[in-house]
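Please look over the model shown here before reading on. The briefing that follows treats the protein–DNA contacts, and then the contacts between protein chains.

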There are 4 protein chains.
Amino acid sequence: MAAPKRGQILNAALGLFEAKGYGGTAVPEIAQAAGVAVGTIYRYFPTKEALVRALLADCQTRFEADVLAPVPPTATPRATFRLYWRRMAQFARSFPVAYRFLDLHDHAAYRDPSAAPQGEALTAALRDLVARGRREGAMKALDPTLVMALLRGALAGLARHASPDGVLPPARVEEMEDCLWNAVAARG
Amino acid sequence: MAAPKRGQILNAALGLFEAKGYGGTAVPEIAQAAGVAVGTIYRYFPTKEALVRALLADCQTRFEADVLAPVPPTATPRATFRLYWRRMAQFARSFPVAYRFLDLHDHAAYRDPSAAPQGEALTAALRDLVARGRREGAMKALDPTLVMALLRGALAGLARHASPDGVLPPARVEEMEDCLWNAVAARG
Amino acid sequence: MAAPKRGQILNAALGLFEAKGYGGTAVPEIAQAAGVAVGTIYRYFPTKEALVRALLADCQTRFEADVLAPVPPTATPRATFRLYWRRMAQFARSFPVAYRFLDLHDHAAYRDPSAAPQGEALTAALRDLVARGRREGAMKALDPTLVMALLRGALAGLARHASPDGVLPPARVEEMEDCLWNAVAARG
Amino acid sequence: MAAPKRGQILNAALGLFEAKGYGGTAVPEIAQAAGVAVGTIYRYFPTKEALVRALLADCQTRFEADVLAPVPPTATPRATFRLYWRRMAQFARSFPVAYRFLDLHDHAAYRDPSAAPQGEALTAALRDLVARGRREGAMKALDPTLVMALLRGALAGLARHASPDGVLPPARVEEMEDCLWNAVAARG
DNA sequence: GATGAATGAGGCTTCATTCAT
DNA sequence: GATGAATGAAGCCTCATTCAT
């Protein structure tokens with residue numbers, strides 16, 4: 001199995017970055033939380049910045065992997081839409097720290113400019129969904145980036161503005177899903 | 001009129017915080033950008049943190065003031081909804097730096113925990129809107145925080161995921177408004 | 001008068017670098033010896049390396065200025081040669097720390113590669129001396145760099161190999177001068 | 001024969017110390033250059049400092065051994081003097097790295113204070129040479145340490161101030177030898 | 001004997017804050 | 001009120017050394 005210390009470090013860093021921000025977290029703090037020596041961190045990451053970047057990439061990858069898991073081929077656009085939304089919400093509920101880290105922090109500051117713009121894959125999936133939904137008369141003709149903005153924005157908004165203690169209330173998640181579908185559905 | 005240096009300092013700080021983050025901006029840097037001496041900053045703000053907080057409060061206040069400007073009493077719920085959305089988008093387009101700063105930092109570690117949770121006033125306004133919309137059969141019965149989440153989330157999503165160069169495209173803004181109304185409207 | 005702290009810092013650094021080497025001297029140590037705070041050093045020198053470089057340049061400049069002070073126009077080549085040598089030795093005796101620092105560090109890895117190769121001016125002066133000495137039949141036709149190597153080398157050798165406690169014994173200095181003139185004089 | 005790794009380590013260390021200085025060279029770097037693991041170095045040398053010291057001793061020993069190889073008993077003082085000088089220059093040309101390491105680096109910092117002062121044996125040889133040269137009327141009555149200073153200093157001066165690319169030009173070496181003999185010879 | 005991952009003291013440097021002018 | 005030189009705590013990172021394999 002891969003070096004376990006690397007994982008410990010990433011884990012500890014995630015928790016601290018989410019709680020106190022990148023600039024507010026000292027490397028020795030991470031080391032202590034991870035149960036390793038300071039120097040050990042530098043065996044795995046050349047730089048504090050490289051560490052956040054790796055973390056960011058990790059979280060994004062996992063988020064996309066979760067959301068874009070295979071969809072039953074028989075699923076209607078309506079069902080597919082709901083699936084995507086629920087998976088996004090599920091991720092946010094299962095890994096609240098990782099989700100908030102992804103959503104809330106000022107990643108621009110340490111984002112690798114050469115990295116692929118985040119959400120590429122999700123946008124592509126939405127493009128397919130919209131195309132098919134439209135062909136079948138179920139959805140409006142919307143730009144996929146707008147749908148993306150709507151979904152991610154609504155989830156983030158929920159997490160920020162409608163979650164006591166940062167926990168997404170399942171009822172709200174379902175209520176929101178209903179609203180969102182109406183937002184993109186072809187008007188009956 | 002109030003000391004002009006205070007404004008210069010807040011302005012310079014806003015630009016730098018947005019561009020480089022709070023932790024990435026040094027106080028002397030702010031002083032230079034503001035055209036004042038370092039010590040002067042400490043005449044107006046006891047602490048760097050107090051400076052961000054003041055900035056944050058400023059931006060929030062201005063945002064809410066803009067959005068919650070008087071609404072014609074004759075406006076229908078539909079028109080009021082549109083007005084709110086357009087004003088939010090207008091703020092984001094007029095003061096992109098302030099808007100991004102708000103979006104990225106409103107959750108941040110250095111927020112005053114005792115401060116009133118942001119968006120209080122806007123939530124109240126939405127509560128009224130929903131109540132009236134519902135009475136008139138135009139809107140669904142939704143929790144106002146959910147509507148808040150939807151509006152702010154969608155705007156942030158648009159700014160993040162659908163804005164080349166960070167500029168909100170007016171067409172997208174209108175397209176989104178249409179979607180959002182469908183999200184909250186009573187089904188015909 | 002110029003910032004006195006700069007001088008204090010250079011002085012303290014000179015003593016420590018000479019005694020313990022560049023790598024063996026910590027910046028806080030320099031600060032303490034100079035009677036200033038660590039941060040103050042960085043107001044005057046952007047880097048520890050910039051500090052050595054400034055020090056090196058300072059010492060070199062002073063050394064050359066001392067040695068190349070005006071020579072009486074009536075001085076014979078013999079007298080001029082003696083004058084140069086005595087001034088070099090005088091510098092080494094008056095500023096032993098600076099002299100040893102120069103001797104040990106002029107080649108060091110942290111020298112500014114773009115800096116003028118040291119000894120430029122002294123070599124030029126020796127070129128003139130040799131030319132005139134030769135015209136007057138007093139000196140051999142030698143390459144000035146060789147004379148330079150001989151003078152500087154002999155002085156350094158004296159300081160290293162023939163100085164109890166690092167103090168140049170005046171008798172040895174004079175004895176050496178006699179030898180050196182024989183080394184370069186035209187054979188009678 | 002002795003462990004070959006020891007030699008590899010010393011060799012690698014010599015090259016790196018000469019190029020980057022003692023303080024500028026990391027032990028893992030030496031290990032890599034030597035093709036051994038870090039820990040291995042500590043099998044042969046208890047400490048980084050012990051390593052330099054061993055290196056220094058090695059180089060000095062070899063230098064003295066080369067220079068003080070047997071001299072034909074029939075050799076005149078003139079011939080002996082020339083032999084010593086040529087051997088010194090030969091060493092500097094054959095092992096430029098070792099020579100520069102010996103000459104240029106700030107060994108005082110890590111020199112074993114209890115070690116015999118370097119050059120003991122060479123000084124003794126020069127004492128004999130001077131004594132005999134004087135008896136035979138060929139040389140002046142000079143302190144042997146002065147002769148030592150003159151020879152080593154002149155060679156170092158040549159290497160530093162008259163060697164393009166650090167290579168001693170044979171012509172200069174011979175020219176210098178002539179000068180040096182005049183410096184110490186009894187005046188005819 | 002050899003290895004190299006792990007350690008943590010300590011080095012260089014930054015930067016929020018103070019205070020004498 | 002304004003200034004900016006000075007401060008020193010604290011941050012990031014390096015590297016000599018150890019030790020389990």
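**Contacts with the DNA and between chains**

A polar backbone atom of B:Val27 lies 2.4 Å from a phosphate oxygen of DNA strand E. This value, like the others below, comes from a predicted model. B:Val27 is also listed, together with A:Thr40, A:Arg43, A:Tyr44 and D:Thr40, among the closest of the 31 residues that surround DNA strand E.

**DNA strand E**

- Of the atoms of DNA strand E that come within 4 Å of the protein, sugar and phosphate account for 69%.
- Side chains reach phosphate oxygens of DNA strand E as well: an N or O atom in the side chain of A:Arg43 is 2.3 Å from one, and for the side chain of C:Lys48 the corresponding distance is 2.7 Å.
- At least two residues each of the surface near DNA strand E are supplied by helix 3 of chain A, by helix 2 (27-34) and helix 3 of chain B, by helix 2 (27-34) and helix 3 of chain C, and by helix 3 of chain D.
- Helix 3 of chain D gives the largest share of the surface near DNA strand E, namely five residues.
- Sorted by class, the surface near DNA strand E has 17 nonpolar, eight polar and six charged residues.

**DNA strand F**

- Around DNA strand F there are 31 residues, of which B:Thr40, C:Thr40, C:Arg43, C:Tyr44 and D:Val27 come nearest.
- Sugar and phosphate make up 69% of the atoms of DNA strand F that come within 4 Å of the protein.
- For B:Tyr44, an N or O atom in the side chain is 3.4 Å from a phosphate oxygen of DNA strand F.
- The elements that give two or more residues to the surface near DNA strand F are helix 2 (27-34) and helix 3 (38-44) of chain A, helix 3 (38-44) of chain B, helix 3 (38-44) of chain C, and helix 2 (27-34) and helix 3 (38-44) of chain D.
- The largest share of the surface near DNA strand F, five residues, is given by helix 3 of chain B, and the classes of that surface are 17 nonpolar, eight polar and six charged residues.

**Interface of chain B and chain A**

- The contact involves 35 residues of chain B and 33 residues of chain A, and it buries an area of about 2800 Å², 59% of which is given by carbon and sulfur atoms.
- Eight salt bridges are counted between chain B and chain A, one of them joining A:Arg172 to B:Asp143, with the closest N and O atoms 2.8 Å apart.
- On the side of chain B that touches chain A, the elements giving two or more residues are helix 6 (96-105), helix 8 (144-161) and helix 9 (170-184) of chain B.
- Helix 8 of chain B provides the largest share of that side, 12 residues, and by class the side has 15 nonpolar, nine polar and 11 charged residues.

**Relation of chain C and chain D**

- Chain C is superposed on chain D, with an RMSD of 0.2 Å, by a rotation of 180° and a shift of 0.1 Å along its axis.
- The two copies are therefore related as by a two-fold rotation axis.
- The same surface serves both copies, since 86% of the contact residues of chain C recur in chain D.

Methods
Residues are numbered from 1 along each chain as its sequence is written. Chains are lettered from A and ligands numbered from 1 in the order in which they are written. This is a predicted model: local features need pLDDT of at least 70, side-chain atom pairs count only at pLDDT 80 or more; totals for chains, interfaces and linings use all residues. Side-chain values use heavy atoms; hydrogens and water are left out. Contact means heavy atoms within 4.5 Å. Buried area is the accessible area (1.4 Å probe) that two parts lose on being put together, summed over both. A salt bridge is a side-chain nitrogen of Lys or Arg within 4 Å of a carboxyl oxygen of Asp or Glu. Helices (H or I, at least four residues) and strands (E, at least two) are DSSP runs, numbered from the N terminus. Ala, Val, Leu, Ile, Met, Phe, Trp, Tyr, Cys and Pro count as nonpolar, Asp, Glu, Lys and Arg as charged, and the others, Gly among them, as polar. A residue is near a molecule or strand if one of its heavy atoms lies within 4 Å of it. A polar contact is a pair of N or O atoms within 3.5 Å; within protein, one must be able to donate a hydrogen and the other to accept it, and residues adjacent in sequence count only if both atoms are side-chain atoms. Copies are superposed by least squares on the C-alpha atoms of residues with pLDDT of at least 70 in both.
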